[in-house]
Amino acid sequence: MAKASSKKPRDLAPTDPMPARVDPCLASLVERPPQGPDWAYEVKWDGYRLAVHIEPSRVRVLTRGGYDWTERFPTIADDARRLAVKSAILDGEAVVLDDQGRSDFGMLQRALGRLPSAIESGAIVFLSFDLLYLDGRDLRRQPQRERRRLLEPLVAGREGAIRLSEEVDADGAEFLRVACAHGLEGIIAKHREKPYRSGKVDWWQKITCKRRDSFVVVGFEPSTVPGHLGRLLLAARKGDDDLVYVGGCGTGWSSDLSRELRKLLEGIVTKAPAVSLKRKNAVFTEPLLVAEVEYRAWTDDGKLRHASFKGIRDRADGAAVFELT
């Protein structure tokens, strides 16, 4: 009788250790979309950047800053367990879509319970746009087109909490025009031949319909209407630790949201302002919150022009605060 071979079957692919966490790849802001067949385009979603880690024994939902928010996104975690994978890391954005399919950051915050709402957490969907790890293979060294090829069969066509962020086959300039006309925040362009790299890269580019950034809330001015918010006082980063006052915004909220924000801010009032500022009616707060603000431009003295409030989040969530250069 012939002896059984002692050689083990050759593995089809080496097993790479699964990263406990991956800092996200971040898009650079540019004025106009890049052109050419090497670029893929997607909608720029307005939500929370998340990474969904799927392992044989657990699922974790991590924020951009590395916080474990699995309990805050139960429907995403539950749906992740149904995907046909043993292990994977999905990169994407958690959003709540309005009745026209647009992501609404304010609706997302209400679904998460930061502010009172009738919107349920089940309304949150995770739109996946990248695959960083799959069944023993670290895909970050692979070009975007290959990562996308492996991602699409996993999530395309699904109706659950995890879905695919579709690529749009179009001219970049025309896609931006249509996106802005439909009230979207903007578009993302990704080079098909580039790997996944943590931090800001120039082969992921974002083109926005209006200027929009995050600023630290350092205080507020009360409204003449009792219990309401008149104006948020905002600051940008300068260097590693300094905050610089860049003006405020007094629009963008409803009457109900005005009261809710005022109550939220009154809970973190401080006598020690985080910026050098003297305003007669200012009430200073601890720099714990970050406001998403849409604006048209900067004034000559470094203040925001025509700023409008879009949403608020904890600074600890890892929101990228605007940095003055």
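1. Start with Cys180. This cysteine is partly exposed, at a relative accessible area of 31%. Keep in mind that the model is predicted.

2. Which residue is its disulfide partner? Cys180 pairs with Cys209, and their sulfur atoms lie 2.1 Å apart. The structure holds 1 disulfide. Cys209 is partly exposed too, with a relative accessible area of 27%.

3. Look at what the bond connects. The pair links distant parts of the chain, 29 residues apart. Cys180 sits in helix 4 (residues 172-181). Cys209 sits in the loop between strand 11 (199-208) and strand 12 (211-222).

4. Is this disulfide left-handed or right-handed? The torsion about the S-S bond of Cys180 and Cys209 is about -95 degrees, so the disulfide is left-handed.

5. Now two other cysteines. Cys249 is buried, with a relative accessible area of 1%. Cys249 is in no disulfide. Its nearest cysteine sulfur belongs to Cys209 and is 20 Å away. Cys25 is buried as well, at 0% relative accessibility.

6. Back to helix 4. Which of its residues are buried? Gly172, Phe175, Leu176 and Ala179 are. They span an arc of only 100 degrees around the axis, which puts them on the same side of helix 4. The spacing fits a general rule. An α-helix has 3.6 residues a turn, so residues three or four places apart point the same way.

7. What covers that buried side? The cover includes strand 2 (39-43), strand 9 (167-168), strand 10 (186-191) and strand 11.

8. Finally, check both ends of helix 4. At the start, a side-chain oxygen of Asp171 comes within 3.2 Å of the backbone nitrogen of Ala173. After the helix comes Gly183, with a positive phi near 80 degrees.

Terms used. Residues are numbered from 1 along each chain as its sequence is written. This is a predicted model: local features need pLDDT of at least 70, side-chain atom pairs count only at pLDDT 80 or more; totals for chains, interfaces and linings use all residues. Side-chain values use heavy atoms; hydrogens and water are left out. A disulfide is a pair of cysteine sulfur atoms within 2.5 Å. Helices (H or I, at least four residues) and strands (E, at least two) are DSSP runs, numbered from the N terminus. Buried means under 20% relative accessible area, exposed over 50%, partly exposed in between (1.4 Å probe, protein chains only). The arc is that of the directions from the helix axis to the C-beta atoms. Contact means heavy atoms within 4.5 Å. A polar contact is a pair of N or O atoms within 3.5 Å; within protein, one must be able to donate a hydrogen and the other to accept it, and residues adjacent in sequence count only if both atoms are side-chain atoms.
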